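Colleague: Please take a close look at a single part of this model. Then set that part in its surroundings, one step at a time.

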Amino acid sequence: MAAGRGWRLVRDEPSHRAGARRQARLVARQGRGRVDGRSRPGERGVSADGIRLLAPDGSRVSHPEYALEAGPGELRSLYRDMALARRFDAEGVTLQRQGELGLWPSSLGQEAAQVGSVRALRDTDHAFPSYREHAVALGRGLDPLALLRLFRGVDHGAWDPGEHRFHLYTLVIGSQTLHATGYACGVLKDGAESAVIAYFGDGATAQGDVSEAFNFAAVYGAPVVFFCQNNQWAISESNERQTRVPLYRRARGFGFPGVRVDGNDVLACLAVTRWALERARRGEGPTLIEAFTYRMGAHTTSDDPSRYRDPAEVESWRAKDPLERLERLLRAEGIADDGFFAETEAAGEALAARVREGVRSMPAPGPGSLFDHVYAEPHALVDEERDAFAAYQASFAPEG
């Protein structure tokens with residue numbers, strides 16, 4: 001089986017199908033709106049899912065303003081990155097089920113949005129993730145074991161944000177948009193020719209932090225791209241319970257552009273994000289990108305989506321699989337053959353084996369390590385607390 005396959009389907013309770021039908025009607029109404037400031041669904045390169053350069057059947061779609069030149073090598077590389085990210089994500093789910101990780105938030109189905117957007121970044125740009133951007137982390141060169149240490153509880157995210165221009169995972173919903181905006185304001189003051197991207201989900205748009213970040217970025221012209229992965233569900237709450245207008249249109253109220261892009265089209269995600277980042281670097285301020293995609297798995301491994309999702313809805317999105325979409329293009333244009341897909345699948349299995357062994361061989365942190373790195377410099381109160389905790393631990397030592 002090619003590496004691009006392997007959706008995990010869920011089952012739903014019949015009583016929840018009415019809610020899914022309401023959601024479908026809402027999506028249809030949203031689709032009749034503008035997907036950016038210049039395009040309407042039905043125009044060339046525009047669908048209800050947003051700006052599109054690659055149709056679900058693998059055929060190319062042209063767009064007059066978001067053209068993308070991607071040669072055979074880049075197309076194969078995009079596919080490989082998505083396939084490896086999916087295999088890594090699947091291994092994360094398996095490791096959690098085996099008791100090796102405390103939790104794992106799956107990114108299944110969102111590979112195109114993440115790989116396409118991270119490919120648009122320059123080395124000098126900074127990315128501020130939430131907690132599901134595994135493909136973005138890999139795209140920035142982060143060791144996958146760094147992510148797994150966090151979810152194993154070995155550390156709290158101990159990678160250096162400056163090394164790969166990829167900041168720490170943020171479990172507080174929406175707060176990273178403020179961090180990114182503040183950093184972008186600093187970039188602006190420094191006169192640097194770089195940009196910042198902030199990743200968040202559709203559920204985060206209900207947080208006040210996101211609105212504050214939008215307003216602050218607009219007022220100060222911060223070079224930041226707000227990249228919302230609208231995967232349709234904020235845990236068990238559908239878009240219908242979150243918003244009455246398409247999310248990308250919120251940008252208009254703050255005074256900057258908003259664009260909806262087909263989040264399962266890696267080429268469109270790359271082209272639109274590249275356009276937004278270049279706009280930011282030119283000093284034209286922020287942009288909101290709504291990547292219209294779907295969370296094929298559970299919110300996290302502690303969630304059971306069969307309690308609230310209609311299997312027909314999941315099946316409809318299964319037909320839009322981002323990896324199969326690109327595989328169809330590669331095969332149709334003779335860019336990749338069975339050997340390439342077999343090699344990519346083997347690389348995914350090698351990656352899974354490496355992280356599996358790496359997780360199981362991780363040394364457990366010492367009890368006192370939780371006091372390390374609280375402050376950049378030694379702190380008397382922390383030292384006092386460390387000593388008290390060590391004495392408490394010693395009180396349980398066996399006699400003799």
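Modeller: Helices here are DSSP runs of H or I with at least four residues, strands are E runs of at least two, and both are numbered from the N terminus. On that scheme, His-373 is found in the loop between helix H13 (338-360) and helix H14 (380-394). The model is predicted, and the protein chain holds 14 helices and nine strands. The part I take up is helix H7, residues 175-190.

H7 has 16 residues, and its first and last C-alpha atoms are 23 Å apart, close to the 22 Å expected at 1.5 Å a residue. The loop between helix H6 (161-164) and H7 contains Arg-165. Arg-165 has a positive phi of about 55° although it is not a glycine. Its relative accessibility is 30%, so Arg-165 counts as partly exposed. Just after H7, Gly-191 also has a positive phi, here of about 70°. His-373 is another non-glycine residue with a positive phi, about 65°. His-373 counts as exposed because its relative accessibility is 78%, which is over the 50% cut-off.

Which residues of H7 are buried? They are Ser-175, Gln-176, Thr-177, Ala-180, Thr-181, Ala-184, Cys-185 and Val-187. An α-helix has 3.6 residues a turn, so residues three or four places apart point the same way. The buried residues of H7 pack against strand E3 (126-128), strand E4 (196-201), helix H8 (208-220) and strand E5 (224-230).

Strand E5 contains Phe-227. At a relative accessible area of 0%, Phe-227 is buried. Leaving out residues up to four places away in sequence, Phe-227 touches Ala-113, Ser-117, Ile-197, Ala-198, Tyr-199, Phe-200, Thr-273, Ile-289 and Ala-291. Of these contacts, Ala-291 is 64 residues from Phe-227 along the chain, yet their C-alpha atoms are separated by 7.2 Å. For the chain as a whole, 75% of the contacts with a separation of 6 or more join residues 24 or more positions apart.

Helix H8 contains Val-219. Val-219 has a relative accessible area of 57% and is therefore exposed. Together with Phe-216 and Tyr-220, Val-219 forms a nonpolar patch on the surface, with about 330 Å² of accessible area between the three. The accessible surface of the protein chain comes to about 17700 Å², of which 51% belongs to carbon and sulfur atoms.

The interior comes next. Buried residues make up 52% of the 400 residues in the chain. In soluble globular proteins, nonpolar side chains tend to be buried together. In this model the largest nonpolar core has 72 residues, and Leu-148, Tyr-169, Leu-267, Leu-326 and Leu-330 touch the most other members. Helix H10 (residues 266-281) gives the most to this core, with 11 residues. A second, separate core has 21 residues, among them Ala-204, Val-210, Phe-214 and Val-224.

The charged pairs complete the surroundings. Side chains of opposite charge can pair when their charged atoms come close. The structure holds 27 salt bridges. One of them joins Arg-152 to Glu-100, with the closest N and O atoms 2.8 Å apart. Arg-152 lies in helix H5 (residues 144-152) and Glu-100 in the loop between helix H2 (72-97) and helix H3 (111-119), so the bridge ties together parts 52 residues apart in sequence. Arg-152 is partly exposed, at 28% relative accessible area.

Arg-328 counts as partly exposed at 34% relative accessibility, whereas Glu-324 counts as buried at 16%. Asp-303 and Arg-295 meet in a salt bridge at 3.7 Å, N to O, and both residues are buried. Asp-49, Arg-52, Asp-262, Lys-320 and Arg-325 are linked in a network of salt bridges.

Methods:
Residues numbered from 1 in each chain as written. Predicted model: local features only at pLDDT ≥ 70, side-chain atom pairs only at ≥ 80, totals over all residues. Heavy atoms only, no water. Expected span 1.5 Å × (residues − 1). Buried < 20%, exposed > 50% of the residue type's maximum accessible area, 1.4 Å probe, protein only. Contact = heavy atoms within 4.5 Å. Core = buried A, V, L, I, M, F, W, Y, C linked by side-chain atoms within 4.5 Å. Patch = residues over 30% accessible without salt bridge, like charges linked within 9 Å, V, L, I, M, F, W, Y side chains within 5 Å. Areas by Shrake-Rupley, 256 points an atom, 1.4 Å probe, with all protein chains shown as cover. Salt bridge = Lys/Arg side-chain N within 4 Å of Asp/Glu carboxyl O.
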